Amino acid sequence: MIDINLKYQVVLFGSYEDIAPNPETIKYFIEKFSDKGLIPTTFQELSPNGVINRFSLASSDGKWLIEFSSNRIDINKTNKDIGVTDIGEINQFIVEIQEIVGIINEKFPKKHNRLSLITRYLFSEMDDKTMSSIYTKLNNTIELYKKHPIADWNNRAVSRVAYNIGDVSELFNIISEVKRTIGNHSFNSKIQKIDRVELMFDLNTYQGNTDYRFDLNSVNMFLNTVTEIESNLKENYIKL
């Protein structure tokens, strides 16, 4: 059973060199994203001409981060402090993303050549035996691993499937990853050790098609399509 919504991310791929941290752009985004309290900042990007500074917007609680790289826009909503921050459900995120992309498009109307939705979840805490049973359901492994507890494991699968975005057929990479995650995370503003099963999806349009074909309407249709795909995938993995 999924216990924690860890992160949602949408990536737009294209050409965004002109989205720079000048006063006019900063003023526009601060006003448009006032409800999220986004603060303008910069990050470094490695380019053919060396390291360059790129424009980003971040909320003070770390929940929202929008990064404008030269060839991609990353929009992240992250549960940085579980029990304090709350990123809500995926359907709410998709509505917010459609609003965010609309605001970006209003100032910088563009077409994109690739789109992606990435989601991450943590399952409820479970004992080693239950974790190992999930591993064995996903992997036909050798006898040694069947006889002994699995201390660390990862299962990743990729398929290419055609789906419609509106009336147009697009080839999608459907990526699912299930793994045992051991590390640290903030719970109620205190760092705690975690040892859980993590579920991740990356649903993106095929990288072999580089045509700039996704306008604002296409992006919204893509988001509706991948939300449904993600929901079906998640439902099947929960049954493990």
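Which residues line the largest cavity? They are L12, V101, I104, N105, F108, K110, H112, D215 and L216. Before going on, a word on the source: this is a predicted model, where local features need pLDDT of at least 70, side-chain atom pairs count only at pLDDT 80 or more, and totals for chains, interfaces and linings use all residues. Residues are numbered from 1 along each chain as its sequence is written, and side-chain values use heavy atoms, without hydrogens and water.

Back to the cavity. On a 1 Å grid over the protein atoms alone, a cavity is a set of points where a 1.4 Å probe fits but cannot get out, and lining residues have an atom within 4 Å of a point. The whole structure has one cavity of 30 Å³ or more. Helix α2 gives the most to its lining, three residues. Helices here are DSSP runs (H or I, at least four residues), numbered from the N terminus.

Now the packing. Helix α2 (residues 90-107) and helix α5 (residues 216-238) pack at about 160°, axes 10 Å apart. Axes are lines fitted to C-alpha atoms over the stretch in contact, and angles run from 0 to 180 degrees between N-to-C directions. The two helices are therefore roughly antiparallel, a label for angles over 145 degrees.

Who meets whom? In α2, the residues include I94, V101 and N105; in α5, they include L216, L223 and K234. Contact means heavy atoms within 4.5 Å.

Methods
Parallel < 35°, antiparallel > 145°, perpendicular 65-115°, else oblique. 1 Å grid on protein atoms, 1.4 Å probe; cavity = no way out; pocket = protein on both sides within 12 Å on 5 of 7 lines; lining within 4 Å. Points joined across faces, edges and corners; volume = space filled by probe spheres on them.
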